[in-house]
Every structure is written in structure tokens, then in C-alpha cells.
Amino acid sequence: MTVPPPYGGYQPEHPSYPSEYPVGYPAGYPPPAHTNGMAVAALVCSVLFAPLGIVFGHISLSQLNRSGEQGRGIAIAGLVIGYVMTALALVAVVLTVLFAVIVVKTAENMPRQDRYTATPGTGQELPAFAPPRNLGANCQYPATTEPAAKRATAPRNGNVPTQPPTVPASIVTDRGSIGLKLANGKAPCTVNNFASLAGQGFFDGTQCHRLTTGDLATLQCGDPSASGTGGPGYRFPNEYPTNQFRLSDPAVQRPVVYPRGTVAMANSGPGTNGSQFFLVYEDSLLPPTYTVFGTIDKTGLATLDAIAAGGVADGSDDGKPATPVTITSASVD
């Protein structure tokens, strides 16, 4: 008599078993389906690196359609999380870029008063302009004992018109253009001198030889010798703001704020003006003994800022600019 195997034991292959059941498998139980590994990878990567999770999720679904493995839900979860995380990352990037643009624009439009080296309203501003009675009536340009660093003809002596009150001018350098508005109504003798030298090509091909980056923030130009001592072979007196003080007034020695965007004459003392001038790119404290004869436009200030950003060649705060600057032409309209 044939004895059946113990309950639950293994049975030999029987024609009635489904073909996919392995031989000897416990009767009545199908084999467990495997979980697709790519689906698991999709879920994990969707959190760690969302784009990779999306890729793995699509690969997993493709494999599941062919193999019949388990893990479709895991793969879909990985895809959903991956897409959500990617979308959030893109939104974060867009918001970051917009924030950066807003910050940059705000900084560009920020009034330069926020960076004054002296607080407005403390008596350190340039004095209000009160026209002297003889303004422009007798401009004098006497010769100096020092020879000219470059041949130049002094402007004519005598009366110089104070109208129009402002005159447009331009300095073109190899680092960019610097537009000026010359204060003819405040410093007519000085503006007349600048216009004369510009018309003679005196500034053409000359280097801006000095950059200061400390409490004094200026770029100095106008010396053909680039030594700081060269001039046109003549000199002329100071005008505004020096002419707003009596010569004996101690206030003429107290520093005032020369605002960002100021154009002023460099000198070695009152009455020694020649061809050298400086461009103020940050508010600077100086005694009122340097004639202010114009202002710099926005484009010019951007040019100066770029030059100043390079610093001084020797790493100090006063010396030859690390970024060489050559004036190619200067003109007064």
C-alpha cells in the first residue's frame, strides 16, 4: 500500500501544478515575488538627489512591466517625491537669483550718503557758494619757473564768462569714459584752463598716476610726466571753495567733505594750480583749498569704481594704480 507523504511535505512534480511552480515546492503555495531593486533605489535617491530618483523611478517601472516583480508602489513614490523635490529646488534657485538681483540693484541705487566719511550736518560739508563780485573778471595764468612737462599755451588772461553755469565735458580712458559737468558758474578760470588744455590735446596719452583708497578716495590725473610734479608751465589761483573763506580764517585748514563724484584741482599749495586734477569716487575729507570745478556722471563713476577695485600697485592705500589708466582724449563741448 502506498503511504502519502507527511502533511505539508514536498511532493514530486505533478502535471496539475502550474508550470511556473518549481519542482518540489511546498504544495499549494506560489513562490514570493522579488522587490525590484531599482524601485528601492528610486525611493532612496529621490530624497538624496531628486533627479536621479526620477531616472531610477522610470527605469524601475519599465523593468516591472517586463518582469512582474513587486515594487510598483515604491517606484511611483520615488517618482512623486523626486518630482516634488526637483520642483522645490527649482523654485528655491529662482527665488535665490531674484533675491540676489534685488540686492545688487538696491546696492547700486543706494545713496552714497550712506558711506560718508563725515556725517552730513556736522559743519563738514563744502560751504554754500556765494559768488565773489569779481568772479571770472580777471583770470591770470602766470608762468612758473619749472618747465612744462608737455608743451602747452596758457589761456588768455582777463575776463572769462560765467555763463552757461555748467559745461559738459568728457575724458576718454582706456578703461572707459568719464563724463563731466564742469562748474563754469563757480570756477570759471579753472574751467577755462581745463578747456584750453583739452583743446590742445595736453591730456591725450597721459597716465592717471595716483590712486588713493583710504579716507581719501581719488584718482589723480593730468601730469604728462606721471611723476606727480609735472604741469603745463604756468599756474593760476584757487577758486571755489577757497574763495568762500578769508585767507586768515582758520576754517580754511579744517577738512570738509568732497563728495563722491567731485572733480577738483590738485595743487602743492594755494595758487599753484596747473594741469593736475583728481576725481573723487568716495566721499573724502580735505581742507577746502582744492578748487572744485565739476562733477562726474554715473557712467564715469562706474569706470572709477572699477579702477579703484584693482587697488594700488604696491598694495598700499596711496600710489600708482594697479590697473594702469591712460587718457586717450579729453574734450569740452
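Visitor: Is Cys-139 buried or exposed?

Guide: Buried means under 20% relative accessible area, exposed over 50% and partly exposed in between, with a 1.4 Å probe and protein chains only. Cys-139 is buried, with a relative accessible area of 1%. This is a predicted model, where local features need pLDDT of at least 70, side-chain atom pairs count only at pLDDT 80 or more, and totals for chains, interfaces and linings use all residues. Residues are numbered from 1 along each chain as its sequence is written, and side-chain values use heavy atoms, with hydrogens and water left out.

Visitor: Which residue forms a disulfide with Cys-139?

Guide: A disulfide is a covalent bond between the sulfur atoms of two cysteines. The criterion here is a pair of cysteine sulfur atoms within 2.5 Å. Cys-139 pairs with Cys-189, at a sulfur separation of 1.9 Å. Cys-139 lies in the loop between α3 (72-109) and β1 (167-173) and Cys-189 in helix α4 (residues 188-199), so the bond ties together parts 50 residues apart in sequence. Helices (H or I, at least four residues) and strands (E, at least two) are DSSP runs, numbered from the N terminus. Cys-189 is buried too, at 12% relative accessible area.

Visitor: What is the handedness of the disulfide of Cys-139 and Cys-189?

Guide: The S-S torsion is about -80 degrees, so this disulfide is left-handed.

Visitor: How many disulfides are there by this rule?

Guide: The count is 2. Cys-208 is joined to Cys-221, S to S 2.1 Å. Cys-208 sits in the loop between β3 (206-207) and β4 (210-213), and Cys-221 in strand β5 (residues 217-221), 13 residues apart. Both Cys-208 and Cys-221 are buried. Their S-S torsion is about 100 degrees, so the disulfide is right-handed.
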